[in-house]
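Look over the two chains below.

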Amino acid sequence: MTAGERMLKKRLIPKLLLKEGRTVKGVAFQDLRDVGNPVTNARIYNAQGADELIFLDITASQEKRNILYDIIARTAEECFMPFTAGGGVRSLEDVRQLLLAGADKVSVNTAAVEHPEFMREAAQRFGRQCMVGAVDFKKESNGEYRIYTHGGTVQVEKDPLAWCHELQELGVGEILLTSIDRDGTNTGLDLDLTRNVADAVDVPVIASGGVGSLAHLAEGFKDGHASALAVGSLFHFTDQSPIKCQFYLKGEGVDVRVGQ
Amino acid sequence: MIAIIDYGMGNLLSVLKAFEHLGEEARVIATPAGLAEATHVVLPGVGAFPDAMAALNKNGWVDAMQREVVEGGKPFLGVCLGMQLLAEFGEENVHCPGLAWIRGGVKRFVLNPKQYKVPHVGWNEITPVDDSLLFRGLGPGATFYFVHSYHMICEDTADIAAYCDYGYPFPAAIRRGNIFATQFHPEKSQDNGLKVLENFLAYRGA
């Protein structure tokens with residue numbers, strides 16, 4: 001292999017949904033089940049060769065925000081890997097606090113939709129590589145796609161592809177694209193929308209929502225053209241670990257990091 | 001004692017914890033006076049080049065680093081933006097003079113976006129140059145975590161300690177005497193990154 005043939009590795013990213021200091025996981029953003037202590041979860045995923053971690057805090061109250069900072073800081077003490085953190089981020093100060101706690105990237109959904117200029121300012125201040133645009137979407141019964149804010153509860157009259165273009169213009173460095181209707185269902189990613197977005201934008205797309213098998217991972221990269229996959233249920237509820245998945249993907253011809 | 005320079009840019013905690021994990025005493029230093037007692041100096045950084053240079057200039061860091069590192073010869077490690085600042089100029093938003101410890105500049109990736117997304121985010125392989133101190137003990141094909149839209153261009157290729165390839169080769173690490181720097185984040189590159197930090201600490205100066 002010549003140097004020019006080397007490629008950036010495709011990434012597998014365990015996604016930890018946090019509620020009041022615990023890791024939880026639901027179906028279509030509902031019916032949450034407790035899946036453990038996030039710092040312990042993170043430690044295990046780190047040992048199993050995960051490429052990054054995503055922490056999304058869905059704790060409702062702002063007063064309990066310190067729990068998130070504490071979880072990130074405790075994880076950063078022993079896991080020397082990249083973290084993205086988000087959930088309820090509304091101000092430059094929120095971004096700064098997460099970065100100070102040890103996050104490398106901050107994901108924003110609702111505040112970006114309500115105040116696009118906030119995203120622009122955050123990207124200018126902290127660098128675009130720090131800001132991740134989180135896009136939650138549903139395929140509606142009429143076949144059209146719409147984005148959602150407020151943890152999947154508020155529909156916005158915007159098409160996800162158009163919104164991802166806007167996010168790119170606002171300066172985000174990555175897009176975290178999550179299918180609400182497939183979340184937790186183990187039915188596979190929304191490959192059509194993932195591919196449409198990944199092909200259309202210039203920034204990396206992290207696809208999420210629906211991965212329930214090894215084959216779904218391979219599809220996400222090969223057919224969905226994603227740069228990374230964020231995975232919840234597959235890691236939380238089955239005996240698949242990041243390293244097992246990496247071995248499988250390598251066998252499928254996907255260029256992933258294995259065993260480093 | 002390892003001094004980690006806090007000039008208001010980026011994630012210092014991870015750098016601090018990584019050195020502590022290696023069993024070394026490390027401190028985040030908020031004023032240039034703190035450099036005097038350091039054995040090693042680390043310049044991290046995430047953000048925009050002009051803002052970073054403004055912060056370094058405003059707080060007297062430029063003179064203190066010149067004295068301790070360039071003249072005093074203390075081992076120095078720049079990370080990510082902390083590598084790019086060593087160049088003569090940066091091109092982020094506006095043309096801006098850098099520290100000019102290393103001959104060259106900083107440019108945005110110019111790539112076909114359909115093939116290569118920018119920022120360059122994720123794990124990529126590097127190719128160290130022969131007998132590169134920072135990469136001792138690491139096998140071929142070692143991967144490191146990168147997250148950046150700009151990269152350095154070195155006028156003197158002898159300054160380059162490792163290359164990475166993303167559409168074209170660019171410097172992944174540099175070394176000039178006691179001055180080391182990495183474009184990737186060793187503090188975020190798991191065991192490979194810790195090995196690089198360990199190798200840097202083993203260097204005690206000329």
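Strands here are DSSP runs of E with at least two residues, helices are runs of H or I with at least four residues, and both are numbered from the N terminus. Two strands pair if DSSP finds at least two bridges between them.

This is a predicted model: local features need pLDDT of at least 70, side-chain atom pairs count only at pLDDT 80 or more, and totals for chains, interfaces and linings use all residues. Residues are numbered from 1 along each chain as its sequence is written, chains are lettered from A and ligands numbered from 1 in the order in which they are written, and side-chain values use heavy atoms, without hydrogens and water.

**Chain A: strand S1**

Strand S1 (residues 11-19) of chain A is mostly covered: eight of its nine residues are buried. Buried means under 20% relative accessible area, exposed over 50%, and partly exposed in between, with a 1.4 Å probe and protein chains only. The table lists pairings of S1(A).

| Partner strand | Sense | Bridges | A bridge pair |
|---|---|---|---|
| S12(A), residues 228-231 | parallel | four | A:Pro14 and A:Val231 |
| S2(A), residues 22-27 | antiparallel | three | A:Lys19 and A:Arg22 |

S1(A) and S2(A) form a hairpin with two residues between them. In that turn, A:Glu20 has a positive phi of about 45 degrees.

**Chain B: sheet and helix**

Chain B holds an open sheet of nine strands with mixed pairing, in the order S2-S1-S3-S4-S13-S12-S11-S8-S9. Its edge strands are S2 (26-29) and S9 (143-148), each pairing on one side only. Within chain B, S11 (residues 160-165) and S12 (residues 169-176) run antiparallel, joined by five bridges. B:Ala162 has B:Ala173 of S12(B) as its bridge partner.

Helix H2 (residues 49-58) of chain B has buried residues, among them B:Phe49, B:Met53 and B:Leu56. The buried residues of H2(B) pack against elements of chain B including strand S3 (40-43), helix H3 (61-71) and strand S7 (104-108). Contact means heavy atoms within 4.5 Å. Just after H2(B), B:Gly60 takes a positive phi of about 80 degrees.

**Between the chains**

The contact takes 44 residues from chain A and 38 residues from chain B. About 3300 Å² is buried between them, and carbon and sulfur atoms give 51% of that area. Buried area is the accessible area (1.4 Å probe) that two parts lose on being put together, summed over both.

Four salt bridges are counted between chain A and chain B. Each is a side-chain nitrogen of Lys or Arg within 4 Å of a carboxyl oxygen of Asp or Glu. B:Lys188 forms a salt bridge with A:Asp104, with the closest N and O atoms 2.9 Å apart.
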